[in-house]
Amino acid sequence: MPAEIILQQTPDAAALLGRREQLAGVRARLAECESELAQLRAQLKAFEGRYLRQVGILYAELDDLEARIAEREVAIYDSDAARQRAQEARQRAQETHDAAFGAAREAEEFDPPPNLKTLFRDVAKRIHPDFARDEAEQQHFTLLMARANQAYRRGDTETLQRMLDDHREINASIAGEDAAAELLRISRQIQHAERDIAALEAERHTLLASEIAQLFLDAEIAAREHRDLLTELATSLQEQIADARCRFEFVNRQIDAYGR
């Protein structure tokens, strides 16, 4: 009776296969987290820019008027308390002005198409620093990841596709390593990737708890109700500005009347 030859995986080979599958899953999750967080950052930055351009400049105008009123009232009351109020009002107005007219005003709308998101995830799965074989490669991957993030933010699919093609070409010629060494390397990569996934999720939760994120979510809810929250806020501020101008003119008339 002819002997049957049964091919079985060795324990090391089976373990290595399982860890490779686990690494592939972790890579996919990490790339997804990177993509989601990059999109969230960009969305909040763009919304903050809209907010500052539409609402923030009105807050700056209102706070400047309030500071001017407080400063003029010093001439009426001539007290330390009045001077303190004027100083605090001017400081608040300066802070509001700096926020409204700062770099955030230059934020642009960011709405990446699905193909850009997919391409970015494919690149991130291959060049994330967690997947480097040594320190030198880790530093190289860190630079590549920064470049990928920049390309993603500006919608540069050509650069992302070139990075993906380069990685495939380079790694196609890399020789393999023995099972034990690869198993150890993959295990460490999985640990690092899981650590970074936790860090990315923590950052996402922090971003979502910020004031600008809460306002962004409120604006999204308002939009579903066919309302424009930023326009409503701007209208309210314009009314407050009109009232502040009347008060400023009233204070000036008081000073003129009493010769101060």
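**Helix packing and aromatic contacts**

In this predicted model, helices α3 and α4 run roughly antiparallel to each other, because the angle between them is about 175° and any angle over 145 degrees is classed in that way. Helix α3 covers residues 114-127 and helix α4 covers residues 135-153, and their axes lie 10 Å apart. On the α3 side the contact is formed by Leu116, Lys117, Phe120, Val123, Ala124, Arg126 and Ile127, which meet Phe141, Leu144, Met145, Ala148, Asn149 and Tyr152 of α4. Sorted by class, the residues of this contact comprise 10 nonpolar, 1 polar and 2 charged.

The description now turns to aromatic rings. A pair of such rings is described by how far apart the centres are and by the angle of the planes. The model holds 2 aromatic pairs when ring centres within 6.5 Å are counted. One of them joins Phe47 and Phe216, whose ring centres are 5.4 Å apart and whose planes stand at 75°, so the pair is edge-to-face, given that planes over 60 degrees apart fall in that class. Phe47 belongs to helix α1 (residues 11-77) whereas Phe216 belongs to helix α7 (residues 211-224), and the pair therefore ties together parts that are 169 residues apart in sequence. Phe47 is buried, its relative accessible area being 2%, and Phe216, at 14% relative accessibility, also counts as buried, because the class takes in values under 20%.

Notes. Residues numbered from 1 in each chain as written. Predicted model: local features only at pLDDT ≥ 70, side-chain atom pairs only at ≥ 80, totals over all residues. Heavy atoms only, no water. Axes fitted to C-alpha atoms, helices over the stretch in contact; angles between N-to-C directions. Helix = DSSP H or I, 4+ residues; strand = E, 2+ residues; numbered from the N terminus. Parallel < 35°, antiparallel > 145°, perpendicular 65-115°, else oblique. Contact = heavy atoms within 4.5 Å. Nonpolar A, V, L, I, M, F, W, Y, C, P; charged D, E, K, R; others polar. Phe/Tyr/Trp six-rings, centres within 6.5 Å; stacked < 30°, edge-to-face > 60°. Buried < 20%, exposed > 50% of the residue type's maximum accessible area, 1.4 Å probe, protein only.
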